[in-house]
Amino acid sequence: MGAVGVGSAIWGVGIERYLFTVRRHTVAVLPPGASPLTVLHLSDAHMAPWQRRKQSWIARIADSVQPDFVINTGDNLGHADGLSGIRRAFAPLRGVPGVFVHGSNDVVGPAPRNPFGYFMGPSGHSPKVQSLDTEAMDAFFTDDLGWTPLHNSAARLTVAGVRIDAFGVDDAHRDWDDLDALPPSLDRVRRGSWWRGAPAADFSLGVTHAPYRRVLDRFVDLGADLIAGGHTHGGQVRVPFSRKALVANCDIPLDQARGLSTWSHAGRSVPLNVSAGLGHSIYTPIRFGCRPEVSVLRLLPRG
């Protein structure tokens, strides 16, 4: 048993956390006749400046996927100087329209934790953490890359001729989400009162870092056609080939902590993609049974 444990640790720390992969899904959520969209969903890079292998892989995959649209579900920074690595990794996405929300590790740095504490429920927060340069990161995303922030807000975008109503919340794991700040109902959005008479959207998107049930339910009520989240790391350490994560660090069901599933609420069912993310805390440098990933969503017309 000792040899198995040592071998597993060597694999998780020295090998699997570098086995970056692309998880691909096809989702029919666009109106009939719309052109397909390729969406790159990035999450949980937890970038440190020395992680050059990760930076290079992200830059290459962004170039090879050639996305029409980017969804970034937060926790980009894993170190006070992590923005330098994010700049290198995301540079090929300059000019590709996108949206982003914050995770807590876009605002404050990571802290050492007892990994077994995650089995007791969602993690708490250390008061002794370093503040990160969120303002500089946001400026890079908005001014340089051209992405739209969705921190407890909504926005209207047009991508390849498809009108998108996007809404998002700040990190629900820190209780920074403000669901009352979102549009009161998608009916008002589609009637044009929210967007001051603008034509109805073709597609509605909900974006959150932490996929807590209260947020997902609200997004369904708003009429989202697709929901994107991150935060869970897919469990980070999983029993190989198991459908369920061991932990999710939020209240989402463990079999929905990674990948594409369906979230149902109040008679509606909506595709939900939870990215297992690209990184890990610098204090827990391991992935086991859960490769670091990006998601590529091919959005097709319904029917």
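**Exercise 1. State what share of the protein chain is buried.**

Solution. Buried means under 20% relative accessible area, with exposed over 50% and partly exposed in between (1.4 Å probe, protein chains only). By this cut-off, 53% of the 303 residues in the protein chain are buried. The model is predicted: local features need pLDDT of at least 70, side-chain atom pairs count only at pLDDT 80 or more, and totals for chains, interfaces and linings use all residues. Residues are numbered from 1 along each chain as its sequence is written, and side-chain values use heavy atoms, leaving out hydrogens and water.

**Exercise 2. Describe the largest nonpolar core and find which element gives the largest share of it.**

Solution. A nonpolar core is a set of buried Ala, Val, Leu, Ile, Met, Phe, Trp, Tyr and Cys residues joined through side-chain atoms within 4.5 Å. The largest one has 28 residues, and Leu-42, Ile-86, Phe-90, Leu-93, Phe-141 and Trp-147 touch the most other members. Elements giving two or more residues to this core include strand 2 (37–42) and helix 4 (134–145). Helix 2 gives the largest share, five residues. Helices (H or I, at least four residues) and strands (E, at least two) are DSSP runs, numbered from the N terminus.

**Exercise 3. Work out how strand 6 and strand 7 pair.**

Solution. Two strands pair if DSSP finds at least two bridges between them. Strand 6 (residues 153–159) and strand 7 (residues 162–168) have seven bridges, in the antiparallel sense. Ser-153 stands opposite Gly-168 in strand 7. Two residues lie between the strands of this hairpin, where Ala-160 takes a positive phi near 50°.
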